[in-house]
Structure formats: C-alpha cells, structure tokens
Amino acid sequence: MNVRNCRKCGRIFNYVLGPIMCPKCREDQEAKFQEVKKYVQEHHGADIIEVSEECDVDPGQIRQWIREERLQFADDSPIRIPCESCGTMIRAGRFCDKCKLDMTNGFKNAMSQDKPREPEVKPAKRQDRDKMRFL
C-alpha cells in the first residue's frame, strides 16, 4: 500500500497514480477545470490572466491544462503558450508542429540506422607448431 500526503491539503491518502493529490482535492480541481472551460467558451477574447482572476485559478494551472491539451482555444484567441523546444507561441500541447515533425523524423532516423557491424573473426592460420607430431 502506497500512502502519501496530498500536495494541496496535506491529508494522508492511498496513492495509486497520477498527480499526488487526495481524491477530494482532485475533485475540486476537476470542478475548477470545468468552470474555466465554461468561462473560456463564453468569453473567446479572454487571456490567461483574465481567466485566472475570474475563475480564481492559478495561471500556472491553466498553462498546465493547455500543455496537457485539455484546454484548446480558437485561432483568434489571444491565449498562447511557448513551445518547449523553440519558443514559438502555440495554442495547445507542448511542442509546435515543426518541432513535432523534427522529433518524429529524428526518431525514425534513429530507428532506421544500421546496427554497428561486429568485426569478422578470421580463422587463425595454422602454423607448424600447431601440427600433430608422431614419434
């Protein structure tokens, strides 16, 4: 049994997987997420600071939901976050399309490279001393 303390409230709970939060804090966070999602749908032009103030949610939490692709915004929305690789502003996820393509190609190239060849073992030349002698 894996028992941990909740990072938000400090209560002890049986940890299974995911964020280290007790079930009550997780439910509270999900309720906040639904509130933010509804606010964003009703107010298309709102930025992260405005959403944060209106919904009483930390801006870092909103950015985390965007990185997890739980929150996505229309093309005309001012909400953007930087790509973790190149810094280009994106609407959702961790990486821009260009960086995703570069990583995909890098993985494909790494997988398709030939395995290093093992040196061939040549049979040893027989010398006179290796021959059998009879008396």
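What percentage of the 135 residues in the chain do buried residues make up? In this predicted model, local features need pLDDT of at least 70 and side-chain atom pairs count only at pLDDT 80 or more, while totals for chains, interfaces and linings use all residues. Residues are numbered from 1 along each chain as its sequence is written, and side-chain values use heavy atoms, with hydrogens and water left out. The answer is 25%, where buried means under 20% relative accessible area with a 1.4 Å probe, protein chains only.

As for the fold, the chain has four helices and four strands (DSSP runs, H or I of at least four residues for helices and E of at least two for strands, numbered from the N terminus). Going along the sequence, they come as β-β-α-α-α-β-β-α.

Now for a pair of helices. Helix α2 (residues 48–55) packs with α3 at an angle of about 115 degrees, and their axes are 9 Å apart; axes here are lines fitted to C-alpha atoms over the stretch in contact, and angles run from 0 to 180 degrees between N-to-C directions. On the α2 side, the contact (heavy atoms within 4.5 Å) is made by Ile 48, Val 51 and Ser 52, and on the α3 side by Pro 59, Ile 62, Arg 63 and Ile 66. That gives five nonpolar residues, one polar and one charged; Ala, Val, Leu, Ile, Met, Phe, Trp, Tyr, Cys and Pro count as nonpolar, Asp, Glu, Lys and Arg as charged, and the others, Gly among them, as polar.

Key
Buried means under 20% relative accessible area, exposed over 50%, partly exposed in between (1.4 Å probe, protein chains only).
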